[in-house]
Amino acid sequence: MANENKLQAIIGHCKEYGYIFQSSEIYDGLSAVYDYGQYGAELKRNIRDYWWRSMTQMHENIVGIDAAIFMHPTVWKASGHVDNFSDPMIDNKDSKKRYRVDHLLEAHAETLSEEAGKALIDTMEQLLAANDFDGLRTLIMDNGIKCGVSGTANWTDVRQFNLMFATQLGSVAEEASEIYLRPETAQGIFVNFLNVQKTGRMKIPFGIAQTGKAFRNEIVARGFIFRMREFEQMEMQFFVKPGTQKEWYEYWKEARMKWHLSMGIPQEHYRFHDHVKLAHYADAACDIEYDFPMGFKEVEGIHSRTDFDLSQHQKFSGKKLTYFDTDINQHYVPYVVETSIGLDRTVMMVLSEAYKEEDLSTAEKQDSRVVLNLPPMLAPIKLAVLPLTKKDGLPELARELIDQCKPYFKCYYEEKDSIGKRYRRQDAIGTPFCITIDHQTKEDQTVTIRYRDSMTQERIALSSVRDLVMDKIKMF
Ligand code: ATP
(Lines give C-alpha, C1' and ligand atoms only; values in the text may rest on other atoms or scores of the structure.)
Protein backbone atom coordinates (compact mmCIF):
# COMPACT_ATOMS: atom_id res chain seq x y z
CA MET A 1 0.00 0.00 0.00
CA ALA A 2 1.34 3.45 -0.87
CA ASN A 3 2.44 5.31 2.24
CA GLU A 4 -0.02 8.19 1.96
CA ASN A 5 -2.80 5.61 1.53
CA LYS A 6 -1.59 3.69 4.55
CA LEU A 7 -1.73 6.82 6.71
CA GLN A 8 -5.27 7.57 5.51
CA ALA A 9 -6.29 3.94 6.07
CA ILE A 10 -4.98 4.05 9.65
CA ILE A 11 -6.77 7.34 10.37
CA GLY A 12 -10.01 5.88 8.99
CA HIS A 13 -9.60 2.67 10.94
CA CYS A 14 -8.92 4.55 14.19
CA LYS A 15 -12.13 6.48 13.74
CA GLU A 16 -14.26 3.52 12.71
CA TYR A 17 -13.11 1.29 15.56
CA GLY A 18 -13.17 3.77 18.45
CA TYR A 19 -9.45 4.41 18.71
CA ILE A 20 -9.00 8.11 17.90
CA PHE A 21 -11.41 10.92 17.02
CA GLN A 22 -10.83 14.48 15.95
CA SER A 23 -11.41 16.76 18.95
CA SER A 24 -14.79 18.56 18.98
CA GLU A 25 -15.72 16.77 15.78
CA ILE A 26 -19.37 17.87 15.85
CA TYR A 27 -18.07 21.46 15.61
CA ASP A 28 -15.89 20.52 12.63
CA GLY A 29 -12.91 19.71 14.83
CA LEU A 30 -10.00 21.59 16.31
CA SER A 31 -6.84 21.42 14.31
CA ALA A 32 -4.06 19.14 15.61
CA VAL A 33 -6.06 18.17 18.70
CA TYR A 34 -7.38 14.62 19.09
CA ASP A 35 -9.47 12.56 21.51
CA TYR A 36 -8.88 8.92 22.31
CA GLY A 37 -11.94 6.69 22.14
CA GLN A 38 -12.70 3.53 24.10
CA TYR A 39 -9.96 1.38 22.55
CA GLY A 40 -7.45 4.17 21.93
CA ALA A 41 -7.56 5.18 25.59
CA GLU A 42 -6.85 1.58 26.65
CA LEU A 43 -3.98 1.22 24.18
CA LYS A 44 -2.49 4.51 25.29
CA ARG A 45 -2.82 3.56 28.95
CA ASN A 46 -1.16 0.19 28.33
CA ILE A 47 1.78 1.83 26.55
CA ARG A 48 2.10 4.38 29.35
CA ASP A 49 2.03 1.55 31.94
CA TYR A 50 4.63 -0.41 30.03
CA TRP A 51 6.95 2.59 29.92
CA TRP A 52 6.27 3.51 33.56
CA ARG A 53 6.89 0.00 34.82
CA SER A 54 9.97 -0.41 32.61
CA MET A 55 11.41 2.69 34.25
CA THR A 56 10.21 2.67 37.84
CA GLN A 57 9.68 -1.03 38.53
CA MET A 58 12.51 -2.57 36.52
CA HIS A 59 15.08 -0.02 37.73
CA GLU A 60 15.57 0.16 41.48
CA ASN A 61 17.20 3.58 41.13
CA ILE A 62 14.38 5.29 39.19
CA VAL A 63 11.30 6.75 40.89
CA GLY A 64 8.25 8.38 39.33
CA ILE A 65 6.54 11.67 40.14
CA ASP A 66 3.50 13.57 38.91
CA ALA A 67 4.15 17.32 38.79
CA ALA A 68 1.58 20.00 37.93
CA ILE A 69 1.13 21.39 34.43
CA PHE A 70 1.21 24.96 35.75
CA MET A 71 4.58 26.10 37.03
CA HIS A 72 6.04 29.34 38.30
CA PRO A 73 6.68 31.57 35.25
CA THR A 74 10.35 31.98 36.17
CA VAL A 75 10.84 28.25 35.51
CA TRP A 76 10.54 28.94 31.79
CA LYS A 77 12.85 31.93 31.97
CA ALA A 78 15.46 29.77 33.71
CA SER A 79 15.04 26.82 31.34
CA GLY A 80 15.57 29.06 28.33
CA HIS A 81 12.11 28.40 26.88
CA VAL A 82 11.01 32.04 27.02
CA ASP A 83 14.02 33.12 24.97
CA ASN A 84 14.83 30.04 22.92
CA PHE A 85 11.82 27.78 22.49
CA SER A 86 11.07 28.85 19.01
CA ASP A 87 11.33 27.50 15.51
CA PRO A 88 12.54 29.34 12.43
CA MET A 89 9.49 30.03 10.27
CA ILE A 90 8.89 31.52 6.88
CA ASP A 91 5.64 32.90 5.45
CA ASN A 92 4.49 32.85 1.87
CA LYS A 93 3.32 36.39 1.09
CA ASP A 94 0.71 35.27 -1.41
CA SER A 95 -1.00 32.44 0.45
CA LYS A 96 -0.19 33.86 3.95
CA LYS A 97 0.69 30.31 4.90
CA ARG A 98 3.42 29.82 7.48
CA TYR A 99 5.94 26.99 7.31
CA ARG A 100 8.62 25.65 9.59
CA VAL A 101 11.81 26.11 7.61
CA ASP A 102 13.14 22.64 8.40
CA HIS A 103 9.87 21.02 7.32
CA LEU A 104 9.86 22.90 4.05
CA LEU A 105 13.42 21.85 3.24
CA GLU A 106 12.91 18.27 4.42
CA ALA A 107 9.84 17.89 2.22
CA HIS A 108 11.82 19.22 -0.75
CA ALA A 109 14.73 16.88 0.03
CA GLU A 110 12.37 13.92 -0.29
CA THR A 111 11.64 14.86 -3.90
CA LEU A 112 15.37 14.78 -4.79
CA SER A 113 17.74 11.86 -5.39
CA GLU A 114 19.08 10.27 -2.21
CA GLU A 115 22.46 11.98 -2.63
CA ALA A 116 21.10 15.44 -3.42
CA GLY A 117 18.51 15.17 -0.64
CA LYS A 118 21.19 14.30 1.90
CA ALA A 119 23.38 17.20 0.75
CA LEU A 120 20.46 19.59 1.17
CA ILE A 121 19.69 18.33 4.70
CA ASP A 122 23.37 18.57 5.65
CA THR A 123 23.52 22.20 4.48
CA MET A 124 20.27 22.97 6.30
CA GLU A 125 21.57 21.47 9.55
CA GLN A 126 24.75 23.54 9.34
CA LEU A 127 22.76 26.73 8.76
CA LEU A 128 20.38 25.89 11.62
CA ALA A 129 23.35 25.20 13.90
CA ALA A 130 24.76 28.62 13.03
CA ASN A 131 21.33 30.33 13.37
CA ASP A 132 21.98 31.67 9.88
CA PHE A 133 18.45 32.78 8.90
CA ASP A 134 19.52 34.65 5.77
CA GLY A 135 21.38 31.54 4.65
CA LEU A 136 18.26 29.41 5.22
CA ARG A 137 16.14 31.77 3.15
CA THR A 138 18.73 31.73 0.36
CA LEU A 139 18.72 27.92 0.47
CA ILE A 140 14.94 27.90 0.03
CA MET A 141 15.15 30.38 -2.86
CA ASP A 142 18.09 28.62 -4.57
CA ASN A 143 16.21 25.35 -4.51
CA GLY A 144 13.19 26.97 -6.08
CA ILE A 145 10.93 25.80 -3.25
CA LYS A 146 7.36 26.98 -3.71
CA CYS A 147 4.38 27.23 -1.39
CA GLY A 148 2.04 24.26 -1.84
CA VAL A 149 -1.00 26.56 -1.70
CA SER A 150 -0.08 29.61 -3.81
CA GLY A 151 2.52 27.87 -5.95
CA THR A 152 4.82 30.91 -5.66
CA ALA A 153 8.26 31.47 -4.15
CA ASN A 154 7.29 34.89 -2.73
CA TRP A 155 8.79 34.32 0.76
CA THR A 156 9.21 36.61 3.77
CA ASP A 157 12.39 36.64 5.83
CA VAL A 158 12.97 33.73 8.18
CA ARG A 159 11.83 34.56 11.74
CA GLN A 160 11.59 32.82 15.10
CA PHE A 161 8.20 32.02 16.74
CA ASN A 162 7.79 30.95 20.35
CA LEU A 163 5.79 27.74 20.76
CA MET A 164 4.54 28.16 24.33
CA PHE A 165 0.87 28.75 25.16
CA ALA A 166 0.34 31.53 27.69
CA THR A 167 -2.66 31.92 30.00
CA GLN A 168 -3.71 33.97 33.05
CA LEU A 169 -3.51 32.67 36.59
CA GLY A 170 -5.87 34.51 38.98
CA SER A 171 -9.44 35.69 38.56
CA VAL A 172 -8.97 39.48 38.62
CA ALA A 173 -7.47 40.67 35.38
CA GLU A 174 -5.23 43.34 36.95
CA GLU A 175 -3.80 40.92 39.49
CA ALA A 176 -3.49 37.94 37.21
CA SER A 177 -0.05 36.82 36.24
CA GLU A 178 0.81 35.31 32.93
CA ILE A 179 1.84 31.69 33.11
CA TYR A 180 2.55 29.03 30.51
CA LEU A 181 1.15 25.62 29.83
CA ARG A 182 4.26 23.46 30.14
CA PRO A 183 5.86 22.67 26.77
CA GLU A 184 7.67 19.66 28.27
CA THR A 185 7.37 17.65 31.46
CA ALA A 186 11.11 17.72 32.23
CA GLN A 187 11.12 20.99 34.20
CA GLY A 188 8.73 19.55 36.81
CA ILE A 189 11.43 16.99 37.48
CA PHE A 190 14.29 19.48 37.69
CA VAL A 191 12.56 21.75 40.18
CA ASN A 192 11.75 18.71 42.34
CA PHE A 193 15.22 17.24 42.11
CA LEU A 194 16.17 17.94 45.73
CA ASN A 195 12.72 17.12 47.14
CA VAL A 196 12.92 13.66 45.62
CA GLN A 197 16.61 13.10 46.30
CA LYS A 198 16.28 14.02 49.97
CA THR A 199 12.94 12.34 50.77
CA GLY A 200 13.77 9.24 48.74
CA ARG A 201 17.37 9.15 50.07
CA MET A 202 18.46 8.68 46.46
CA LYS A 203 22.12 8.12 45.65
CA ILE A 204 23.59 9.20 42.34
CA PRO A 205 23.22 7.80 39.74
CA PHE A 206 19.42 7.84 39.95
CA GLY A 207 16.49 8.78 37.77
CA ILE A 208 13.14 10.55 38.10
CA ALA A 209 10.41 9.58 35.64
CA GLN A 210 7.18 11.31 34.76
CA THR A 211 4.36 11.06 32.25
CA GLY A 212 1.97 13.89 31.50
CA LYS A 213 0.53 16.45 29.15
CA ALA A 214 2.63 19.03 27.34
CA PHE A 215 1.46 21.83 25.09
CA ARG A 216 3.09 23.44 22.07
CA ASN A 217 1.61 25.92 19.67
CA GLU A 218 2.94 24.01 16.68
CA ILE A 219 2.64 26.24 13.64
CA VAL A 220 2.51 23.44 11.16
CA ALA A 221 0.73 20.56 12.81
CA ARG A 222 0.14 17.57 10.59
CA GLY A 223 0.55 13.82 10.34
CA PHE A 224 -2.43 12.82 12.50
CA ILE A 225 -1.30 12.33 16.13
CA PHE A 226 2.35 12.67 15.14
CA ARG A 227 2.37 16.42 15.78
CA MET A 228 -0.31 17.73 18.12
CA ARG A 229 -0.78 20.94 20.06
CA GLU A 230 -1.73 19.05 23.20
CA PHE A 231 0.12 15.79 23.68
CA GLU A 232 1.60 13.54 26.29
CA GLN A 233 5.25 12.92 27.07
CA MET A 234 7.02 10.20 29.02
CA GLU A 235 10.30 11.57 30.27
CA MET A 236 13.04 10.33 32.54
CA GLN A 237 15.89 12.49 33.84
CA PHE A 238 18.88 10.49 34.99
CA PHE A 239 21.18 12.37 37.39
CA VAL A 240 24.84 11.42 37.16
CA LYS A 241 28.25 12.47 38.38
CA PRO A 242 29.83 15.12 36.13
CA GLY A 243 32.26 13.47 33.75
CA THR A 244 30.27 10.22 33.51
CA GLN A 245 27.54 11.59 31.26
CA LYS A 246 28.99 10.14 28.04
CA GLU A 247 28.85 6.59 29.42
CA TRP A 248 25.30 7.07 30.65
CA TYR A 249 24.27 8.62 27.36
CA GLU A 250 25.50 5.50 25.55
CA TYR A 251 23.83 3.29 28.17
CA TRP A 252 20.44 4.96 27.71
CA LYS A 253 20.71 4.95 23.93
CA GLU A 254 21.05 1.20 24.01
CA ALA A 255 18.52 0.65 26.80
CA ARG A 256 15.86 2.69 25.04
CA MET A 257 16.38 0.92 21.72
CA LYS A 258 15.99 -2.41 23.54
CA TRP A 259 12.71 -1.16 24.98
CA HIS A 260 11.43 -0.36 21.51
CA LEU A 261 12.46 -3.75 20.15
CA SER A 262 10.79 -5.48 23.11
CA MET A 263 7.44 -4.46 21.63
CA GLY A 264 8.18 -6.82 18.74
CA ILE A 265 8.96 -4.03 16.27
CA PRO A 266 11.84 -5.09 13.99
CA GLN A 267 15.20 -3.35 14.16
CA GLU A 268 15.05 -2.28 10.50
CA HIS A 269 12.05 -0.06 11.30
CA TYR A 270 14.26 2.02 13.59
CA ARG A 271 17.34 4.14 13.19
CA PHE A 272 19.31 6.60 15.29
CA HIS A 273 19.71 10.16 14.12
CA ASP A 274 22.57 12.01 15.81
CA HIS A 275 22.00 15.75 16.15
CA VAL A 276 24.37 18.17 14.43
CA LYS A 277 22.60 21.23 15.83
CA LEU A 278 22.58 20.72 19.57
CA ALA A 279 19.97 22.42 21.74
CA HIS A 280 21.31 25.15 24.02
CA TYR A 281 21.50 22.74 26.96
CA ALA A 282 22.98 19.62 25.36
CA ASP A 283 26.47 18.16 24.90
CA ALA A 284 25.20 15.15 22.92
CA ALA A 285 21.78 14.28 21.52
CA CYS A 286 20.14 11.82 19.20
CA ASP A 287 16.68 10.77 18.14
CA ILE A 288 15.29 7.30 17.80
CA GLU A 289 13.43 7.42 14.51
CA TYR A 290 10.73 5.02 13.42
CA ASP A 291 9.69 4.32 9.85
CA PHE A 292 6.19 5.90 10.00
CA PRO A 293 3.92 5.82 6.93
CA MET A 294 5.37 9.32 6.22
CA GLY A 295 8.95 7.98 6.42
CA PHE A 296 11.56 7.88 9.20
CA LYS A 297 10.65 10.42 11.92
CA GLU A 298 11.54 11.04 15.55
CA VAL A 299 9.65 9.14 18.19
CA GLU A 300 12.08 9.62 21.09
CA GLY A 301 14.94 11.94 21.98
CA ILE A 302 17.93 11.06 24.13
CA HIS A 303 19.80 14.10 25.37
CA SER A 304 22.85 14.65 27.50
CA ARG A 305 21.73 17.94 29.11
CA THR A 306 24.87 18.65 31.18
CA ASP A 307 24.18 20.57 34.43
CA PHE A 308 22.41 23.27 32.46
CA ASP A 309 18.91 22.99 33.95
CA LEU A 310 19.86 22.54 37.59
CA SER A 311 22.45 25.34 37.37
CA GLN A 312 19.92 27.66 35.78
CA HIS A 313 17.29 26.92 38.44
CA GLN A 314 19.93 27.45 41.09
CA LYS A 315 20.72 30.83 39.60
CA PHE A 316 17.13 32.00 39.10
CA SER A 317 15.70 30.66 42.40
CA GLY A 318 18.69 31.48 44.58
CA LYS A 319 18.34 27.96 46.10
CA LYS A 320 21.21 25.51 46.17
CA LEU A 321 20.58 22.45 44.01
CA THR A 322 23.71 20.46 44.72
CA TYR A 323 24.24 16.87 45.75
CA PHE A 324 26.70 15.71 48.37
CA ASP A 325 28.55 12.69 47.03
CA THR A 326 29.70 10.66 50.05
CA ASP A 327 31.96 8.51 47.86
CA ILE A 328 34.20 11.48 47.09
CA ASN A 329 33.16 13.87 49.89
CA GLN A 330 32.19 16.59 47.44
CA HIS A 331 29.20 18.75 46.59
CA TYR A 332 28.35 19.13 42.93
CA VAL A 333 25.51 19.96 40.56
CA PRO A 334 24.70 16.64 38.87
CA TYR A 335 24.72 16.17 35.11
CA VAL A 336 21.60 14.84 33.43
CA VAL A 337 20.93 12.36 30.66
CA GLU A 338 17.28 12.39 29.64
CA THR A 339 15.11 10.08 27.62
CA SER A 340 12.04 11.81 26.24
CA ILE A 341 9.38 9.97 24.28
CA GLY A 342 6.01 11.14 23.01
CA LEU A 343 3.19 8.86 24.15
CA ASP A 344 0.93 9.79 21.23
CA ARG A 345 3.74 9.25 18.75
CA THR A 346 4.33 5.85 20.33
CA VAL A 347 0.62 5.06 19.93
CA MET A 348 0.92 6.03 16.28
CA MET A 349 4.06 3.93 15.88
CA VAL A 350 2.43 0.88 17.47
CA LEU A 351 -0.68 1.31 15.30
CA SER A 352 1.37 1.81 12.12
CA GLU A 353 3.26 -1.36 12.87
CA ALA A 354 0.14 -3.34 13.75
CA TYR A 355 -2.20 -2.28 10.94
CA LYS A 356 -2.42 -4.92 8.19
CA GLU A 357 -4.74 -5.46 5.28
CA GLU A 358 -4.51 -9.16 4.50
CA ASP A 359 -5.67 -10.89 1.36
CA LEU A 360 -7.06 -14.27 2.39
CA SER A 361 -8.50 -15.25 -1.01
CA THR A 362 -8.42 -18.86 -2.09
CA ALA A 363 -9.18 -20.43 -5.45
CA GLU A 364 -12.78 -20.84 -4.28
CA LYS A 365 -13.51 -17.44 -2.80
CA GLN A 366 -12.29 -13.91 -2.39
CA ASP A 367 -11.62 -12.88 1.18
CA SER A 368 -9.67 -10.30 3.11
CA ARG A 369 -9.37 -8.89 6.60
CA VAL A 370 -8.05 -5.85 8.41
CA VAL A 371 -6.15 -6.82 11.51
CA LEU A 372 -4.23 -5.00 14.21
CA ASN A 373 -1.34 -7.28 15.21
CA LEU A 374 -0.86 -5.42 18.49
CA PRO A 375 1.51 -6.96 21.04
CA PRO A 376 -0.87 -8.83 23.41
CA MET A 377 0.44 -6.88 26.42
CA LEU A 378 -0.65 -3.63 24.76
CA ALA A 379 -3.94 -4.71 23.15
CA PRO A 380 -7.00 -2.86 24.56
CA ILE A 381 -9.04 -6.06 24.87
CA LYS A 382 -7.13 -9.21 25.75
CA LEU A 383 -9.88 -11.79 25.45
CA ALA A 384 -13.22 -11.94 23.64
CA VAL A 385 -15.65 -14.59 24.84
CA LEU A 386 -18.18 -15.64 22.23
CA PRO A 387 -21.03 -18.07 22.90
CA LEU A 388 -21.87 -19.92 19.69
CA THR A 389 -25.59 -19.35 20.23
CA LYS A 390 -27.70 -17.17 22.49
CA LYS A 391 -29.38 -20.14 24.11
CA ASP A 392 -28.83 -23.58 25.68
CA GLY A 393 -26.92 -22.11 28.62
CA LEU A 394 -23.95 -21.04 26.46
CA PRO A 395 -24.18 -17.31 27.35
CA GLU A 396 -24.17 -18.28 31.04
CA LEU A 397 -20.98 -20.30 30.60
CA ALA A 398 -19.40 -17.37 28.72
CA ARG A 399 -20.33 -14.98 31.53
CA GLU A 400 -18.81 -17.33 34.09
CA LEU A 401 -15.53 -17.33 32.19
CA ILE A 402 -15.56 -13.54 31.96
CA ASP A 403 -16.24 -13.23 35.68
CA GLN A 404 -13.26 -15.45 36.33
CA CYS A 405 -10.94 -13.43 34.03
CA LYS A 406 -12.02 -9.80 34.39
CA PRO A 407 -10.21 -9.02 37.63
CA TYR A 408 -6.97 -9.84 35.79
CA PHE A 409 -7.40 -8.40 32.29
CA LYS A 410 -9.91 -6.75 30.02
CA CYS A 411 -12.50 -9.05 28.44
CA TYR A 412 -15.25 -8.53 25.91
CA TYR A 413 -18.54 -10.39 25.55
CA GLU A 414 -20.23 -10.67 22.18
CA GLU A 415 -23.13 -12.86 21.11
CA LYS A 416 -24.41 -11.10 17.99
CA ASP A 417 -23.65 -12.21 14.40
CA SER A 418 -21.90 -15.30 13.08
CA ILE A 419 -18.70 -16.46 14.75
CA GLY A 420 -16.72 -15.54 11.59
CA LYS A 421 -18.01 -11.97 11.67
CA ARG A 422 -17.28 -11.69 15.37
CA TYR A 423 -13.70 -12.92 14.85
CA ARG A 424 -13.17 -10.29 12.16
CA ARG A 425 -14.47 -7.52 14.40
CA GLN A 426 -12.03 -8.58 17.12
CA ASP A 427 -9.21 -8.73 14.52
CA ALA A 428 -9.94 -5.11 13.60
CA ILE A 429 -9.85 -4.07 17.27
CA GLY A 430 -6.66 -6.08 17.78
CA THR A 431 -7.93 -8.61 20.34
CA PRO A 432 -5.29 -11.35 20.45
CA PHE A 433 -7.48 -14.21 21.75
CA CYS A 434 -11.09 -15.26 21.17
CA ILE A 435 -12.79 -18.07 23.04
CA THR A 436 -15.83 -19.76 21.55
CA ILE A 437 -18.17 -21.57 23.90
CA ASP A 438 -20.20 -24.28 22.15
CA HIS A 439 -22.34 -27.29 23.01
CA GLN A 440 -19.32 -29.49 23.52
CA THR A 441 -18.20 -27.12 26.29
CA LYS A 442 -21.17 -28.27 28.34
CA GLU A 443 -20.16 -31.89 27.92
CA ASP A 444 -16.39 -31.87 28.37
CA GLN A 445 -15.52 -28.39 29.72
CA THR A 446 -13.38 -27.53 26.69
CA VAL A 447 -13.50 -24.43 24.49
CA THR A 448 -12.06 -23.29 21.16
CA ILE A 449 -9.34 -20.69 21.36
CA ARG A 450 -8.69 -18.73 18.20
CA TYR A 451 -5.42 -16.84 17.76
CA ARG A 452 -5.66 -13.47 16.01
CA ASP A 453 -2.35 -13.49 14.15
CA SER A 454 -2.28 -17.05 12.78
CA MET A 455 -6.09 -17.44 12.78
CA THR A 456 -5.48 -21.00 13.98
CA GLN A 457 -7.83 -22.61 16.45
CA GLU A 458 -7.40 -25.30 19.04
CA ARG A 459 -9.41 -26.97 21.72
CA ILE A 460 -8.29 -26.31 25.27
CA ALA A 461 -9.66 -26.84 28.78
CA LEU A 462 -12.00 -24.09 29.94
CA SER A 463 -10.14 -24.06 33.26
CA SER A 464 -6.83 -23.20 31.53
CA VAL A 465 -8.01 -20.08 29.70
CA ARG A 466 -7.23 -17.50 32.32
CA ASP A 467 -3.64 -18.67 32.97
CA LEU A 468 -2.94 -19.06 29.26
CA VAL A 469 -3.94 -15.45 28.55
CA MET A 470 -2.14 -14.17 31.67
CA ASP A 471 1.03 -15.83 30.45
CA LYS A 472 0.80 -14.28 26.97
CA ILE A 473 0.09 -10.73 28.11
CA LYS A 474 2.75 -10.36 30.75
CA MET A 475 5.03 -7.38 30.30
CA PHE A 476 8.13 -8.79 31.96
P1 ATP B 1 10.06 17.60 16.74
O2 ATP B 1 11.45 17.86 16.20
O3 ATP B 1 9.34 16.47 16.06
O4 ATP B 1 9.24 18.84 16.90
P5 ATP B 1 11.21 17.78 19.32
O6 ATP B 1 12.64 17.43 19.05
O7 ATP B 1 10.83 19.19 19.51
O8 ATP B 1 10.26 17.08 18.25
P9 ATP B 1 11.34 17.00 22.04
O10 ATP B 1 11.27 18.36 22.56
O11 ATP B 1 12.65 16.27 22.10
O12 ATP B 1 10.75 16.94 20.57
O13 ATP B 1 10.20 16.15 22.76
C14 ATP B 1 10.35 14.77 23.06
C15 ATP B 1 9.30 13.93 22.39
O16 ATP B 1 8.00 14.48 22.56
C17 ATP B 1 9.46 13.81 20.88
O18 ATP B 1 10.39 12.82 20.55
C19 ATP B 1 8.07 13.45 20.44
O20 ATP B 1 7.85 12.06 20.54
C21 ATP B 1 7.19 14.16 21.43
N22 ATP B 1 6.63 15.38 20.84
C23 ATP B 1 7.22 16.58 20.72
N24 ATP B 1 6.39 17.46 20.12
C25 ATP B 1 5.25 16.80 19.87
C26 ATP B 1 4.01 17.17 19.29
N27 ATP B 1 3.78 18.39 18.87
N28 ATP B 1 3.05 16.22 19.18
C29 ATP B 1 3.26 14.96 19.61
N30 ATP B 1 4.40 14.56 20.18
C31 ATP B 1 5.39 15.46 20.32
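Histidine 303 stands opposite glutamate 338, a residue of β16. That pair belongs to a predicted model, in which local features need pLDDT of at least 70 and side-chain atom pairs count only at pLDDT 80 or more, while totals for chains, interfaces and linings use all residues. Residues are numbered from 1 along each chain as its sequence is written, and side-chain values use heavy atoms, with hydrogens and water left out.

β13 and β16 (residues 335-342) pair in the antiparallel sense over 6 bridges. Two strands count as paired if DSSP finds at least two bridges between them. The strands themselves are DSSP runs (E, at least two residues), numbered from the N terminus.

## The hairpin with β12

Let's turn to another partner of β13. Strand β12 (residues 284-292) pairs with β13 in the antiparallel sense over 9 bridges, and the two form a hairpin with 2 residues between them. Here tyrosine 290 stands opposite lysine 297 of β13.

Why is β13 largely enclosed by the rest of the structure? Of its 12 residues (295-306), 9 are buried, so the strand is largely enclosed. Buried means under 20% relative accessible area (1.4 Å probe, protein chains only).

Now for the wider view. β13 sits in an open sheet of 7 strands with mixed pairing, in the order β3-β9-β10-β16-β13-β12-β11. At the edges stand β3 (62-64) and β11 (270-274), each with a single partner strand, so one side of each has no neighbour in the sheet. From one strand to the next, the twist averages 25° (axes are lines fitted to C-alpha atoms, and angles run from 0 to 180 degrees between N-to-C directions).

β11 and β12 pair in the antiparallel sense over 5 bridges. Aspartate 274 stands opposite cysteine 286 in β12.

## Around the ligand

How many residues surround the ligand? There are 16, and the closest are Glu218, Arg227, Met228, Glu298 and Val299; a residue counts if one of its heavy atoms lies within 4 Å. β13 gives the most to this shell, with 5 residues. The shell divides into 4 nonpolar, 5 polar and 7 charged residues, where Asp, Glu, Lys and Arg count as charged, Ala, Val, Leu, Ile, Met, Phe, Trp, Tyr, Cys and Pro as nonpolar, and the others, Gly among them, as polar.

Arginine side chains make polar contacts (pairs of N or O atoms within 3.5 Å) with ligand oxygen atoms: arginine 227 at 2.8 Å, arginine 216 at 2.9 Å and arginine 345 at 3.0 Å.

Technical notes
Buried means under 20% relative accessible area, exposed over 50%, partly exposed in between (1.4 Å probe, protein chains only). Helices (H or I, at least four residues) and strands (E, at least two) are DSSP runs, numbered from the N terminus. A polar contact is a pair of N or O atoms within 3.5 Å; within protein, one must be able to donate a hydrogen and the other to accept it, and residues adjacent in sequence count only if both atoms are side-chain atoms.
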